[in-house]
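Subject: Structure handover

Hello,

Here is the structure we talked about handing over. Please open it first, then read the notes below it.

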Amino acid sequence: MPEAKQRQFAADYARGLRDGLISSGRASPFYTTEVDGRAGAAEESVKLDGGRIVYRFHGLARAVQFVLDYLQARSPVLTGEYKRSWVVLVNGSPWRGDLGDIPADAEVVVTNDRPWHRLFEVGSNGKPQTTQRRKHTTRKGITTMRVIGATEDAMRQVRQRFPGVWAQRRFVRLSGGKNDAPWIRKDGQEVTYPAVVLRMRPEG
């Protein structure tokens, strides 16, 4: 077999194994490729004598995507503003790139920067609730759905689904959010925002 065809065969075989792991759910769809130690190189460039094609799957990115999808699905939809206002912070800064590019050693925060996010999460008395959904009528008489404890539920789901990812629910302070967070209450106190905090476990 000509050398070019051997390289093509090796590349196709490696990609087939990779895609099979992803489609079966055993590996994350977020990954980077290394060929003979060269990041981002084409699989076809692998050495035929002792070459290596390595895919590094990013469980953290997959967990972040899961949390975003979960929280958006749990979001009440009236104007759609709340559902669109989930944000991802990486090491304290807004992240606008591909989730697959998040560093494996980063701390990731997923939260919503709308001022009523805390009310949706814990209710008007400030005590954590366990009921998933509850009808709520606004001052204007518009009936919406109030999401109770969605971030806590998302945290629990991550712990069950992604054993290599550490997850915690936390109330965080925001600055520089796309909706001009942080918001200040009438008593002058800064609003804190319920969030899901994620990072890889050392052994993950």
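I start with the second largest pocket, where α2 gives the most to the lining, with four residues. Please keep in mind that this is a predicted model. The lining has 19 residues in total, and those nearest the centre of this pocket are F57, H58, G59, L60 and M200. Its volume is about 320 Å³.

In soluble globular proteins, nonpolar side chains tend to be buried together. The largest such core here has 29 residues, and V64, V67, L71, V108, V110, V158 and L198 are the ones with the most contacts inside it. At least two residues of this core come from each of α2 (59-73), β4 (86-90), β6 (108-112), α5 (150-161), β9 (165-172) and β10 (193-200). The largest share is that of α2, with nine residues.

Next, the aromatic rings. A pair of aromatic rings is described by the distance of the centres and the angle of the planes. The whole structure holds six aromatic pairs. In one of them, Y82 and F120, the ring centres are 4.7 Å apart and the planes stand at 75 degrees, so this pair is edge-to-face. Y82 belongs to helix α3 (residues 81-84) and F120 to helix α4 (residues 117-122), so the pair ties together parts that are 38 residues apart in sequence. Y82 counts as buried at 5% relative accessibility, and F120 is buried with a relative accessible area of 10%. Elsewhere, ring pairs join Y31, Y55 and F57 into a cluster. Separately, R199 lies over the face of W166, 3.9 Å from the ring centre.

Last, the backbone. Most residues other than glycine have a negative phi, and most peptide bonds are trans. D36 is not a glycine, yet has a positive phi of about 55 degrees. D36 sits in the loop between β1 (31-35) and β2 (38-39) and is partly exposed, with a relative accessible area of 24%. N91, also not a glycine, has a positive phi of about 55 degrees. N91 is in the loop between β4 and β5 (93-94) and is exposed, with a relative accessible area of 53%.

Regards

How values were computed: Residues numbered from 1 in each chain as written. Predicted model: local features only at pLDDT ≥ 70, side-chain atom pairs only at ≥ 80, totals over all residues. Heavy atoms only, no water. Core = buried A, V, L, I, M, F, W, Y, C linked by side-chain atoms within 4.5 Å. Buried < 20%, exposed > 50% of the residue type's maximum accessible area, 1.4 Å probe, protein only. Phe/Tyr/Trp six-rings, centres within 6.5 Å; stacked < 30°, edge-to-face > 60°. Lys NZ or Arg CZ within 6 Å of the ring centre and 35° of its normal. 1 Å grid on protein atoms, 1.4 Å probe; cavity = no way out; pocket = protein on both sides within 12 Å on 5 of 7 lines; lining within 4 Å. Points joined across faces, edges and corners; volume = space filled by probe spheres on them.
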